[in-house]
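Thanks, everyone; I would like to walk through a few local features of this model, beginning with a pair of packed helices. Please have the view open as I go.

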Amino acid sequence: MATIAMDPSLSLQIGRGSNQHGAVPVKEEIQGLIEVYKDGHVERPQIVPYVTPALPPELGVTTKDFVIDNFTNVWARFYVPKSNWKLPLVVYFHGGGFCAGSAAWSCYHEFLGKLAAKAGCLIVSINYRLAPENPLPAAYDDGVKCLMWLKQEALKGSSEWWSKQCNLCSVFLAGDSAGANIAHNVTTRLNSKNLYPLTLKGTILIQPFFGGEARTNSEKNMVQSPRSALSLPASDTYWRLALPCGTNRDHPWCNPLGKGSAKMEEMKLLPTLVCISEMDILRDRNLEFCAALGKAGKKVEHVLYKGVGHAFQVLSKSRLSQSRTNEMIARVKAFVNR
């Protein structure tokens, strides 16, 4: 069985760390990522460095940060590759269980810079509000607001430095883990919106973070190393922190195939690419999601990346993970340039 070589400093485990909030007990914790105290105070240790928009000049990608909403403090990082023709636009949502992560995290900055350069696409990486301070649907609302902001910027023509290189008729929503969940749910919310001059063409869901009360085989039986990016206890903690109070993992935002969810046949969904990791506890749930899309007559394709685990493309530096990341980028390139 293949193992995932990760930086030990990125170990994501359930546990009890040092209490930095006096005598107030910790209510929920994912060690190294988030501590939620019983009085509502939240702390997020800086497990991953935050970086400025700068990228190596040889990559040929210009980057800038823009504020989307001053009131909510939502912002976005733009990645614009050098090109002699207009490029597809990918609106990207980072992972982190809805509770952690940032568009400024070094691992996402490096991955998206590489994706923009090699896949030949303009990327807008959204820094949305996090749970538990802002439980769902806050992240979905931020995603919709960002698309409407992009629409207005395109109409005004005030952001020519990126819009002149952007094919506004070829827009994709994408994300990994919780970010893929956001991309899917934002897509369903945009059906009633007039996005002109933007035209949505598809969604790219990388290891989409879905759940449910009933466990899948991979959730029950997939052996995870202590350094795994996503364990079952961590997954459950994320959902407790992100979902509305009084709900469980069969809520439609968590379980799109649950009894309370809208029927896939009745939903207006875009052509979808789903990237799945063989060693991920979410593997079987992702495969079930793809099967349901296909059964409902939706356009869906999926790729299973063997020997790698959850979030390998941003968290693992192993030779195998780097090879699989290049394969993923090539598949995304083909998907957005059809």
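This is a predicted model: local features need pLDDT of at least 70, side-chain atom pairs count only at pLDDT 80 or more; totals for chains, interfaces and linings use all residues.

In helix 2, Ala139, Tyr140, Asp141, Gly143 and Val144 meet Asn181, Ile182, Asn185, Val186 and Arg189 of helix 4, where contact means heavy atoms within 4.5 Å, and helices (H or I, at least four residues) and strands (E, at least two) are DSSP runs numbered from the N terminus. By class, this contact of helix 2 with helix 4 has 5 nonpolar, 3 polar and 2 charged residues, with Ala, Val, Leu, Ile, Met, Phe, Trp, Tyr, Cys and Pro counted as nonpolar, Asp, Glu, Lys and Arg as charged, and the others, Gly among them, as polar.

Residues are numbered from 1 along each chain as its sequence is written, and side-chain values use heavy atoms, with hydrogens and water left out.

Turning to strand 5, residues 74–81, we find that 8 of its 8 residues are buried, that is, under 20% relative accessible area, against over 50% for exposed and in between for partly exposed, with a 1.4 Å probe and protein chains only. Val74, Ala76, Phe78 and Val80 point one way from strand 5, whereas Trp75, Arg77, Tyr79 and Pro81 point the other way.

Strand 5 pairs in the antiparallel sense with strand 4 over 8 bridges and with strand 7 over 5 bridges, pairing requiring at least two DSSP bridges. Phe66 stands opposite Ala76, and Arg77 stands opposite Ser125 in strand 7.
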